[in-house]
Amino acid sequence: MRSFADAMAQQIVDARDAVVYEAISPKVRQAYTREQLIAPLKLIRETNGALQAYEYKRTSQGKRGVGAEWIRQVRFTYAVQTARYPKGRYLNVDVTQENGRYWLAGYSVEYLLGVY
């Protein structure tokens, strides 16, 4: 699962949006449009600048609501360097398992206040 998350982090950093979209869980794709699932990537880049490098930091587990159901997910968090912010940004790559295969359940970038 970690190697899948690492590969997805690389695709996100490389701005390979089509590859990221194809890796999204079928359940998630049924609940949202392609634009809704890809738009956050564009916003992440507009807000932070291009993502340039990442380093694994931690793993956590949880659930995510998708439509009318909950899916289990594992969150892999990476410190990420961006064109605007060399530190203080974190890329979350959420992975789920469906039909015996790993899928992307979601992604996000978070930041720590006061760290630039």
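Reply:

**Tyrosine 107 and its surroundings**

Leaving aside residues up to four places away in sequence, tyrosine 107 touches Ile12, Val20, Leu37, Ile38, Pro40, Leu41, Ile44, Asn92 and Asp94. Happy to take you through it, with one thing to keep in mind from the start: this is a predicted model.

Tyrosine 107 itself sits in strand 4, which runs over residues 101-111. Several of its partners, Leu37, Ile38, Pro40, Leu41 and Ile44 among them, have numbers that fall within helix 4 (34-48). Ile12 is also on the contact list, and its number falls within helix 1 (2-13). Val20 is another partner, with a number inside helix 2 (residues 17-23). Asn92 and Asp94 complete the list, and their numbers belong to strand 3 (89-98).

Is tyrosine 107 buried or exposed? Its relative accessibility is 12%, and the cut-off for buried is under 20%, so tyrosine 107 counts as buried. For a distance to check in your viewer, take threonine 77, which is 30 residues away along the chain: its C-alpha atom and that of tyrosine 107 are 9.7 Å apart.

The residue also takes part in the largest pocket, which holds about 200 Å³ of space. Thirteen residues line this pocket, and those closest to its centre are Leu37, Arg64, Ala105, Gly106 and Tyr107. Two or more lining residues come from each of helix 4, strand 1 (51-66) and strand 4. Of the elements, strand 4 contributes the most, with four residues. Sorted by class, the lining has nine nonpolar residues, three polar ones and one charged one.

For contrast, here are some other places on the chain. Glutamate 22 lies in helix 2, and with a relative accessible area of 47% it is partly exposed. Not counting residues up to four places away, glutamate 22 touches Arg29 and Trp103. The C-alpha atom of glutamate 22 is 22 Å from that of alanine 68, a residue 46 places away along the chain.

Alanine 15, in the loop between helix 1 and helix 2, has a positive phi of about 60° although it is not a glycine. Alanine 15 is partly exposed, at 39% relative accessibility. Asparagine 99 is found in the loop between strand 3 and strand 4, and its phi is near 55°, a positive value in a residue other than glycine. With 75% relative accessibility, asparagine 99 counts as exposed.

Now for the whole chain. It has four helices and four strands, in the order α-α-α-α-β-β-β-β along the sequence. The radius of gyration is 14 Å, close to the 13 Å that the globule rule gives for 116 residues, so the chain is as compact as a globular protein of that length. The C-alpha trace spans about 40 × 30 × 25 Å along its principal axes.

Of the 116 residues, 41% count as buried, and tyrosine 107 is one of the buried residues. Among contacts between residues at least 6 apart in sequence, 53% join residues at least 24 apart. The accessible surface comes to about 6,600 Å², and 49% of it belongs to carbon and sulfur atoms.

How values were computed. Residues numbered from 1 in each chain as written. Predicted model: local features only at pLDDT ≥ 70, side-chain atom pairs only at ≥ 80, totals over all residues. Heavy atoms only, no water. 1 Å grid on protein atoms, 1.4 Å probe; cavity = no way out; pocket = protein on both sides within 12 Å on 5 of 7 lines; lining within 4 Å. Points joined across faces, edges and corners; volume = space filled by probe spheres on them. Nonpolar A, V, L, I, M, F, W, Y, C, P; charged D, E, K, R; others polar. Rg over C-alpha atoms; globule rule 2.2 N^0.38 Å. Buried < 20%, exposed > 50% of the residue type's maximum accessible area, 1.4 Å probe, protein only. Contact = heavy atoms within 4.5 Å. Areas by Shrake-Rupley, 256 points an atom, 1.4 Å probe, with all protein chains shown as cover.
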